[in-house]
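Here is a quick tour for anyone meeting this structure for the first time. Have a look at it, then read on.

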Amino acid sequence: MTTSTGAKSAAETTDPGNWTNRLRGRIEGLVPPGEALPDRQPIYVASWIYVFGVLTLSSLAVVILSGCVLAVGGVQWWHVSSLGHYVNSVHLWSVELFFGFMVIHLWGKFWMAAWRGKRAMTWVSGVLLFGISIGTSFTGFLSQTNFSAQWIAGEGKDGINSTGAGAFFNVLNPGQMLLWHVVLLPLVVVLIVLIHIIQVRRHGVVPPLDADLEG
Amino acid sequence: MTRDRTPDSHDFPTRRYDLVKEFVITLVVVLVASLGLAAIFSSPDEKPITMSAWANADPNNLVTTAASELAGTTTSATYGAPYNSNSEGQKLGPIPLQKWGGVRIPIDSADLVLGPLSNTTNDPAVSSAVAAWKAAAPEQQTKWAADYVDAIGAAAADGEAATGAGGDPANVAAGDYGPVPALSAGLLALAKTGGLEGALDSAGNFYGGDTTKSLLLLADGAYLEDQAVAQNLAGDQWGMMNEVGNAPGQPWMWLYTFWYQIKPFSTSDNADVEVWALMMLLTLLLMFLPFIPGLRTIPRWIPVHRLIWRNYYRRSAGRP
Amino acid sequence: MMKSLSIVAEGPGRYIHWGVIQISVANLVIIVAMIILFVLALIVPFPSGHDEETDQERRQK
Ligand code: HEM
């Protein structure tokens, strides 16, 4: 009886019509076996420039963490609480670090031509992250409920409206901007970061220009 | 670089590397840096401008703005999409992108004045002014308001002589302005009570939260912009990158901001859509750089990679 | 306590004007710091980076 059950489950795991099997196959195939979190890297991975991707990731974690603390107190909390103001400062400075590290990361990947060897989509998702992060920070500035937010809304509306997008994305409506800032855009950023990192682990770190294994 | 000969990264010799440790250390470093920078440099938080602050600091400008809303000559009144159809809006060459978005946030500029005042019942002068306005024909309404705006005029500035009453409603020459002076004065009085924002944004729905009307009215006046210019925040001051005081702003906006400073954009009526289009184009170029001959070869021509991978190149050069 | 330390948020902003370019000292400091960090990342040796032979290379010999 045990044997027959075992045989049956073995058949199940390879049944290509089974949606669950197909999903498992997809997930397992995302990254080569053992390459998701390897404890070894190719010898050419020996430069501080490689640390900036991880620094960007860590900054994003601090950005989200400090943003969550701000969310606990609500929209106007940081105007009236010195703790709230401090948390806001942490949020602002982690954002400045996030962008600083991301741009250095971009510079590094450019000079390494890190899009070689089927890695073009990693570069593309990176540029997408840069653009969407700028949008996320823009909606953050609009959600401050202070003088800067008023002014940035008044100026920013002309840019967005001129493209026609202002009809759907009203920068003068802080409720809409806040929801984009704390839900929609962070979701998209985190999702693309996941894709970006799976892409990196899938292909492994790009070899040096002109690296030739034979010669 | 016609064909991509990049070898498989998994075929190279390896050395020990601890990714998780690297992440944890960077996380601690970034956390400490953020906490420290926040403690040393804080963050700016300048109180929002209120309508009563505007009314008290620059009452003449608020009165003029109110009359101009009634005359239909303010920025928002002549904006076009998405607020109204009173202008074509900006165009990218022949393409009316702004118009295509549609009038989905309809705002009647006269309503920015009449809306709040219609709900004021404790001032008979204002109530009868509203009634007189509503009873008049549109051409009459516009003539009253436009004449009053002209009569108020503006103070001398930038080498231009003063017009009308030099910007002071108290010195306006006698004339037929209908109910417009009473309406403008009524809006000023309401603003001074601190009730104007609420009357614009939360009247009839209890929950404020959409500040579209208040912000449009505020931006139609001069007070908001004066404050911003004093803080280096205006568009022609690279303001998009800047924050109030000495706080860092959005330095990553440098290129977007730059285009507004130079011709043809600095003198174009369609600068916003042109700069947007240019930035979209440049972003696409950056995004698809791996596929663009020439651009993708720059890292070979300027061999920064020799520095990054110097150990690898030294090592493989030494190999027989 | 936080107020006394907030040397950035208070007082008028300091700006540098250079032809068409106009930039706040704060933004300039950030951009310069980024460039310095980038250059340092390229030239400072990565720990355990050089001269350490890999296990595989040792095995291959
Ligand atoms: C939210 C922003 C980003 C995060 C969290 C992030 C994270 C990472 C991480 C952790 C790595 C692996 C470690 C490393 O090589 O540094 C990586 C690799 C890479 N990143 Fe990003 N990145 C971001 C934005 C960008 C941007 C803006 C670009 C360029 C336009 C980019 C292009 C790349 C490329 C091409 C690789 C692959 C490098 C290789 O195979 O050697 N990334 N990224």
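What geometry does the site of the iron atom of the ligand have? The site is octahedral, with angles of 84 to 179° among its 6 donor atoms. Six donors count as octahedral if opposite donors are over 155 degrees apart and all others between 65 and 115.

## Before you dig in

This is a predicted model, where local features need pLDDT of at least 70 and side-chain atom pairs count only at pLDDT 80 or more, while totals for chains, interfaces and linings use all residues. Residues are numbered from 1 along each chain as its sequence is written, chains are lettered from A and ligands numbered from 1 in the order in which they are written, and side-chain values use heavy atoms, leaving out hydrogens and water.

## Who holds the iron

On the protein side, the iron atom of the ligand gets its donors from His105(A) and His196(A), each through NE2, at 2.0 to 2.1 Å. (Donors are N, O and S atoms within 2.8 Å of the metal, or 3.2 Å for Na, K and Ca; water is not among the atoms, so sites may look incomplete.) The pair links distant parts of the chain: His105(A) sits in helix 5 (residues 82-111) of chain A and His196(A) in helix 8 (residues 174-203) of chain A, 91 residues apart. Helices here are DSSP runs of H or I with at least four residues, numbered from the N terminus.

Are these two histidines buried or exposed? His105(A) is buried, with a relative accessible area of 18%, and His196(A) is buried too, at 14%. Buried means under 20% relative accessible area, using a 1.4 Å probe and protein chains only.

## The second largest pocket

The second largest pocket holds about 1000 Å³ of space. Its lining counts 40 residues, and the closest to its centre include His105(A) and His196(A), along with Gly53(A), Ile197(A) and Val200(A). (A pocket is an open set of points on a 1 Å grid with protein on both sides within 12 Å along at least five of seven lines; lining residues have an atom within 4 Å of a point.)

Helix 8 of chain A gives the largest share of this lining, 7 residues. By class, the lining has 26 nonpolar, 10 polar and 4 charged residues.

## Over in chain B

Ala55(B) lies in helix 2 (residues 51-57) of chain B and is buried, with a relative accessible area of 0%. Ala55(B) and Ala191(B) are 136 residues apart in sequence, yet 6.1 Å apart in space, C-alpha to C-alpha.

Methods:
Four donors count as tetrahedral if all angles lie between 85 and 135 degrees; four count as square planar and six as octahedral if opposite donors are over 155 degrees apart and all others between 65 and 115; anything else is irregular. Helices (H or I, at least four residues) and strands (E, at least two) are DSSP runs, numbered from the N terminus. Buried means under 20% relative accessible area, exposed over 50%, partly exposed in between (1.4 Å probe, protein chains only). On a 1 Å grid over the protein atoms alone, a cavity is a set of points where a 1.4 Å probe fits but cannot get out, and a pocket is an open set with protein on both sides within 12 Å along at least five of seven lines; lining residues have an atom within 4 Å of a point. Grid points are joined across faces, edges and corners, and a volume is the space filled by probe spheres set on the points. Ala, Val, Leu, Ile, Met, Phe, Trp, Tyr, Cys and Pro count as nonpolar, Asp, Glu, Lys and Arg as charged, and the others, Gly among them, as polar.
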